[in-house]
Amino acid sequence: MRENKRTLRKFFIYKCLLALTFWNQVSLTVENEVFTSASKDFPEDGSDKKIKTLPLLYGKSNQYKTNFDWVVIQNTTESLSLSEITNYNVKLLVALLSGFRQGSSLRNLTLTNVLVDWDALIEIFQTVWHSSIEYFNINNITQLSDITQSDFDYSGTSMKALTIKKVSITDLYFIQDHLYKIFADMNIAALTIAESEMIHMLCPSSGSPFRYLNFSKNDLTDLLFQKCDKLTQLETLILQRNKFETLSKVSLMTSHMKSLKYLDMSYNLLSHDGADARCPWAESLTELDLSSNQLSDSVFECLPVNIQKVSLQSNQITSVPRGTAELKSLRELNLASNRLADLPVCSAFLSLEFLNVEMNAILSPAADFFQSCPGVRELQGGHNPFKCSCELQDFIRLERRSGGKLSGWPGAYLCEYPEDLRGTQLKDFHLSDLACNTALLLGTALLLTLVLVAVVAFLCIYLDVPWYLRMTWQWTQTKRRAWHSHPAEQESVLQFHAFVSYSERDSLWVKNELIPNLEKGEGCVRLCQHERNFIPGKSIVENIINCIEKSYKSIFVLSPNFVQSEWCHYELYFAHHKLFSENSNSLILILLEPIPPYVIPARYHKLKALMAKRTYLEWPKERSKRGLFWANLRAAISINLPVTDRKSCGETD
């Protein structure tokens, strides 16, 4: 009998539609996806059937003022999506939804761009409430007329979840309780009102079945649900992107929510004064999101005692204070994007398994972290401004021993300081043990210093450095005195071809061979000899310097006797000084007798160097070769002197 009535009804509708050929025909397409609630892990309708379509026809005559309602042609759909709902077609919508009584297959309904009066909106809600719909989603709704008190019948509903986004109310003057009471007293499991500039929500009139509430992106404040004890079944509460300011008041709000497990307070204005009263959180709360607020170190004084997972990302935390109350159940702690200078200690977090400290101000993480936090299985510590120094070496070794506990290694762990190492991965940064062991480094430096001092002292003694310093001082003082005494004579005119330096023990050869052959032979050679050219009254050093400076060349008669003479050493030193200061080739070395190397004292290292690098004339024992010797010597000192007094060679001053 029931099948016969259904067949007759379909036949009647079909015949009616055929008669409407002069009407505009419109096909409304159903979204090819199951409606899902905006809840965090809130269950959907559980349907795994293929989504069907619902072809709908409605008529609108410009010529005839005839009213036709929505007609259900095929009642087999599970998800339906309609848009552009206005006061002009809301009756048609209500008529359509009235066809989906409880027991029909429609479970999910989405309305988009709804522009209706308050009474029309209540009629839509009331129709849905007594239909087969379980999940109702409204996007972009504008309320036009005055909001008045309405008697809403919540009984006998199939509804489980309502989601409303982007509500705009044009009526600025109305009793807010009339609006909020409709939603506060809904007998459903999940309610979402988001992006709607909502400033308040009433506490339900009686025990509420709400298990999920999402009021994100509104203008709610600390006044929400204060002293409200009707939300005892609530498990998930999302209040992100609102205007909450005081953390202790948020905790007080949850104190009567006996079943609350998850609370999202991210992107608010929350702060906590350590002097505030205690924070009476719901004991059932296990997961708390406080990211992107204004919380400081004192937040650790106001965390739920049974909390298991906390996100404090993007706040103003500089450290985890020592002496923080124990959070024995805490397993996950997110401290990313704060101001931490080091890894936190785990004395208060004995069950901690996951820690995130990315994007903080950690330069050199503590190397004993995993020892103080033995339960940690994963540490996210990348994207910090690491200072690659000795202190960081221990942390790098820690990674090698941790067995892969550093998440993001090695790509997220880069040197920031010093600048020449910026961008280097920590795994590629190495320093020697000597560079990083202060005691060993100091000991090595001290030992090297002692060795260096000993070597310098030995060389000073072996090379007679004090003697050279003394000679340099005398040279400087002599030049200074000469400058102050005769400044006009500083640009000396050469008066001699050569200054002769020799040992007194070789004076016979100088007087009998050298002087006669140079001064009285061919070519006028004037020699400067200390016995006849030193000026009485001046110091020996000053006379040596003056004679060397007034002579074109300096002849050194080398023999074992020469290297034993102190004054010969002086003369060689000053002549060598002139050689380098004037960049001249003014030295002539005559080897009168062979000098064994072991005979030359250590301080004659300049003489050794000169004999090794410069050509010297060796006095021949055979008389037949001496003519060539004198010719070479004359050639070496040949120069025309600007002698104004025209003294003959060999004459003394």
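Author: One cut-off before we start: a residue counts as buried when its relative accessible area is under 20%, and as partly exposed between that and 50%. Keep in mind that this is a predicted model.

Searching the whole structure turns up four disulfides. Let's go through three of them. Cysteine 203 and cysteine 228 are bonded with their sulfurs 2.0 Å apart, and the link is right-handed, at 70° about the S-S bond. This pair joins distant parts of the chain, 25 residues apart: cysteine 203 is in the loop between strands E5 and E6, cysteine 228 in the loop between E6 and E7. Cysteine 203 is partly exposed at 31%, while cysteine 228 is buried at 2%.

Next come cysteine 279 and cysteine 302, with 1.8 Å between the sulfurs and a left-handed link at -115°. Cysteine 279 lies in the E8–E9 loop and cysteine 302 in the E9–E10 loop, so the bond ties together parts 23 residues apart in sequence. Both cysteine 279 and cysteine 302 are buried.

Then there's cysteine 346 with cysteine 373, S to S 1.7 Å, right-handed at 95°. Here cysteine 346 sits in the loop between E11 and E12, and cysteine 373 in the loop between helix H6 and strand E13, 27 residues apart. Cysteine 346 and cysteine 373 are buried too.

Cysteine 528 is buried at 0%, and cysteine 547 is buried at 6%.

How values were computed
Residues are numbered from 1 along each chain as its sequence is written. This is a predicted model: local features need pLDDT of at least 70, side-chain atom pairs count only at pLDDT 80 or more; totals for chains, interfaces and linings use all residues. Side-chain values use heavy atoms; hydrogens and water are left out. A disulfide is a pair of cysteine sulfur atoms within 2.5 Å. Helices (H or I, at least four residues) and strands (E, at least two) are DSSP runs, numbered from the N terminus. Buried means under 20% relative accessible area, exposed over 50%, partly exposed in between (1.4 Å probe, protein chains only).
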